[in-house]
Amino acid sequence: MNIHEYQAKKLLHFFGVKVTRGSKASSPEEARLKAKEIGSENWVVKAQVHAGGRGKAGGIKFAKSLDEVFEKSEKMLGMTLKTHQTVGAGKIVRKLYIQEAIDIEREYYLGIVLDRRHEMPVIMASTAGCMDIETVAAETPEKIIKVGVDPITGLKGYHLRKLGYGLKLTNAEMKEFNKIMIPLFEAYQKTDASLIEINPLVLKPDGEFIALDAKLNFDDNALFRHPEIAAMRDEAEEDAAELEAGKYGLSYVKLDGNVGCIVNGAGLAMSTMDIIKLEGGEPANFLDVGGNASAETVARGFELILRDKNVKAILVNIFGGIVRCDRIANGILEAKRQIDVQVPVIVRLDGTNAVEAGEILKQANIRQILIAADLQDGAKKAVQSAEGVSA
Amino acid sequence: MSILVHKESRVVVQGFTGKEGTFHAQKCIDYGTNIVAGVTPGKGGQCHLGKPVYNTVEEAVLSTKANVSMIFVPPAYAADAILEAADAGIELIVCITEGIPVQDIMYAKKYIKSKGSVLIGPNCPGIITAGEAKIGIMPGFVFKPGRIGVISKSGTLTYEAANQVVLAGMGISTAVGIGGDPIIGTDFIDLLKLFEADDATDGIVMIGEIGGELEIRAAEYIKEHVTKPVAAFIAGQTAPKGKRMGHAGAIIAGSKGTAQEKITALQEAGEKVAMSPARIGSTIAELMKKSNSQ
């Protein structure tokens, strides 16, 4: 789960990380009011969307007066922000963060993320602040200092020294740096974060470090023990169909093709997308109805997929293990009765009670339902059907 | 032989009396798995599915000499269950539970290693030695006995692959679902090592997916240490970047962990990769034919 910068800063501040003073605003009037409260002479108006690269896309603006805060906020609210991290048309700006402008001596990058290879958190720091870290990693990997923190030791002095010397900080600067690093690491662990990024971390002329930006992602599996973080979820930032799928216990990702697919199991669902592509088509989605697929979940799957008007055919691919295929076949027929399914449905059922399932579908004798012999046949028929409809 | 589990494995089920635990434990018993006990705190002394129930794993081990555990405990308590099993001296812990916080597994894995226990999963279908023992949620009938070992990150795709192996005229020695989480107890390399040494296994099917780099390290390992034929398949060639594809670990982070990167690594190591999920069975069949004729 992602949260906004204003939420991330509040949370980090709670752990003792020094962050810039600022407030959330949802209207130009509110923005002006908040700016006045902050009491600086210069401000920064920042779009609050779940995507990086806001600056280049026009989502971060400086303001030298309260009127300018108002004016810039008015322009930014409601605009669609398209950055290198957004998909499709971009993201609509619904909230702003009004922040004091600060003097900058130097800028750094600081991040904490799970290192899957070494199975521990890794702190990444770089003097290439404000730059896209992926670019730095690709072009000048030597500029990134990586320090893995074994959960057995926790964050110790030597980790901090490695970071400090790596960043070529003076002894005095190191002391200040640790004041940010220690609570930041504590926040990472105690909130079950999966990623923290401070880009940039700023060294001010007075020698103090401060987080100018903050990005936090959390382990979805751990949200049950952090209700206060779960409450920060901004559903407007998420894909509506994906969100709804989650509520039904389905896992759905929309893609750009025209062949929809309903599959049980994540690996098989990805493979089904792959084979659609190999047969010359384009998958319209990833949809895993779960290992315990039922008639009900299959019907919900149809509903979700058919909302995408690009879909010209649907491939149902179920390998019944514990799930009985005859139940799925009845579920498909039930879904057909409940929902207006206008596109061809290609059904491939294998595993437990597959023969009975085939009989059920054959007897129902619905012209739009095509039975596939195996995975390859199913993909082929689905791609052909989709082409037939669109031609 | 076979790897990890066999007829003599003595299995204790943690989360025995719950809905999932009951349903799947019964299926395992029907398959012939030697389930000797169950554990549900607060229900010690009862009898469930004809097996004794204990409050703790330690009691179950002392009374029944259980050496394998199968875990169906809900995600919030699953890491606790893993630690308890390791502490009680269980050698092989199979954790089916999906949705465990990654930090919990990170700590648990370090601890069980110090105890010498092996963890399969979490978020996996389990492990089956065809015709001997099924410790997990897979449909037993698909896995006809034979001499092909299967290692997979996925559940239903494993059944699909096993089915294809059987349709191609072969069978399964042991199949292991290693799970789709970012941190898992046992990875491809651990199992490749076991299959290479197993005299009941002649060839190996390896099924990976996007996310992480376990497959890339497995490719390096195969090149150096595995002499038996290996057929691989990597799911997610069409997966978009930055989106979690069902499994918590199945995500392309930045430009890392793509299917193409893994396929290339395997091919460069000289392995045969099935490009289509419908060709997993035929790919291993061709390799076996070639190796038999040599």
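A: Contact here means heavy atoms within 4.5 Å. The model is a predicted one.

Q: By that rule, how many residues of chain B are in contact with chain A?
A: On the chain B side there are 58 residues, in contact with 49 residues of chain A.

Q: How is the area buried between chain B and chain A read, and what is its value?
A: The size of an interface is often given as the accessible area lost when the parts come together. Between chain B and chain A about 4100 Å² is buried, and carbon and sulfur atoms give 60% of this area. B:Lys110, B:Thr156 and B:Thr238 supply 14% of the area that chain B buries against chain A, more than any other three residues.

Q: How many salt bridges and polar contacts cross the interface of chain B and chain A?
A: The rule finds six salt bridges and 16 residue pairs in polar contact. A salt bridge joins A:Glu119 to B:Lys109, with the closest N and O atoms 2.9 Å apart.

Q: Which element gives the most to the side of chain B that touches chain A?
A: That element is α4(B), with seven residues. By class, this side of chain B has 30 nonpolar, 17 polar and 11 charged residues.

Q: What is the volume of the second largest pocket, and which residues lie nearest its centre?
A: Rolling a probe the size of a water molecule over the atoms shows where empty space is left. The second largest pocket has a volume of about 630 Å³. Its lining counts 29 residues, and B:Lys109, B:Lys113, B:Ile184, B:Gly185 and B:Asp190 lie nearest the centre. α4(B) supplies the largest share of this lining, five residues. The lining has 11 nonpolar, six polar and 12 charged residues.

How values were computed:
Residues numbered from 1 in each chain as written. Chains lettered and ligands numbered in written order. Predicted model: local features only at pLDDT ≥ 70, side-chain atom pairs only at ≥ 80, totals over all residues. Heavy atoms only, no water. Buried area = accessible area lost by both parts, 1.4 Å probe. Salt bridge = Lys/Arg side-chain N within 4 Å of Asp/Glu carboxyl O. Polar contact = N/O pair within 3.5 Å; in protein donor to acceptor, adjacent residues only side chain to side chain. Helix = DSSP H or I, 4+ residues; strand = E, 2+ residues; numbered from the N terminus. Nonpolar A, V, L, I, M, F, W, Y, C, P; charged D, E, K, R; others polar. 1 Å grid on protein atoms, 1.4 Å probe; cavity = no way out; pocket = protein on both sides within 12 Å on 5 of 7 lines; lining within 4 Å. Points joined across faces, edges and corners; volume = space filled by probe spheres on them.
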